[in-house]
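Hi,

Here is the structure I promised to pass on. Please open it alongside this note, and I will walk you through what turned up.

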Amino acid sequence: MSSIPAFFVPDADDETREAAYAAHAERCGRPVQPLAQRIFSIAFTSNNEEWIATVGQPLSGVFRRVTTIAGKRFEQVQKLDDPAVVLAIFAGDPFRVVTDAFRVRSSWDNPFSASPSAITYFSHE
């Protein structure tokens, strides 16, 4: 990620942003976080696949398959994607990710749970 934006909610405009975020939080059973603690992106693993969930973007990931042939190690990387756009991410145990999966054909539950290996917060400057 080259530049981290200020907080936004993809399915809301400036006037409805806070209400939309609160509705997503309620759907996940999570509290509304202070601005400085709102999550822009997480990296997580699911079914041996490495995924990235970034607010405003479709889910993306990779599957790595490592094989050894005649003592040489080979890694195959398969790109993965899902058309569901991330609307909000909430901390907790586990984290909860809200998408627009109700609008597209997604293989993910909505919201879905994830345990992140990396977290990026929105810029709050």
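How much space lies in the largest cavity? About 40 Å³. Before going on: this is a predicted model, in which local features need pLDDT of at least 70, side-chain atom pairs count only at pLDDT 80 or more, and totals for chains, interfaces and linings use all residues. Residues are numbered from 1 along each chain as its sequence is written, and side-chain values use heavy atoms, with hydrogens and water left out.

The cavity

Searching the whole structure gives one cavity of 30 Å³ or more. A cavity here is a set of points, on a 1 Å grid over the protein atoms alone, where a 1.4 Å probe fits but cannot get out; lining residues have an atom within 4 Å of a point. Grid points are joined across faces, edges and corners, and the volume is the space filled by probe spheres set on the points. Among the lining residues are Phe7, Tyr21, Ile39, Val55 and Phe122. By class, the lining has ten nonpolar, no polar and no charged residues (Ala, Val, Leu, Ile, Met, Phe, Trp, Tyr, Cys and Pro count as nonpolar, Asp, Glu, Lys and Arg as charged, the others, Gly among them, as polar). Strand 4 (residues 72-90) gives the largest share of that lining, three residues; strands are DSSP runs of E, at least two residues, and helices runs of H or I, at least four, numbered from the N terminus.

Strand 5 (residues 95-99) is largely enclosed by the rest of the structure, because five of its five residues are buried (under 20% relative accessible area, 1.4 Å probe, protein chains only). Phe95, Val97 and Thr99 lie on one side, Arg96 and Val98 on the other. Val86 has Thr99 as its bridge partner, while Phe95 stands opposite Ala114. In the hairpin of strands 4 and 5, Gly92 takes a positive phi near 155°.

The core

The largest nonpolar core has 29 residues, of which Ile42, Phe44, Ala53, Leu59 and Ile89 touch the most other members. Strand 4 supplies the largest share of this core, seven residues. Such a core is a set of buried Ala, Val, Leu, Ile, Met, Phe, Trp, Tyr and Cys residues joined through side-chain atoms within 4.5 Å.

Enjoy exploring!

Notes. On a 1 Å grid over the protein atoms alone, a cavity is a set of points where a 1.4 Å probe fits but cannot get out, and a pocket is an open set with protein on both sides within 12 Å along at least five of seven lines; lining residues have an atom within 4 Å of a point. Buried means under 20% relative accessible area, exposed over 50%, partly exposed in between (1.4 Å probe, protein chains only). Two strands pair if DSSP finds at least two bridges between them.
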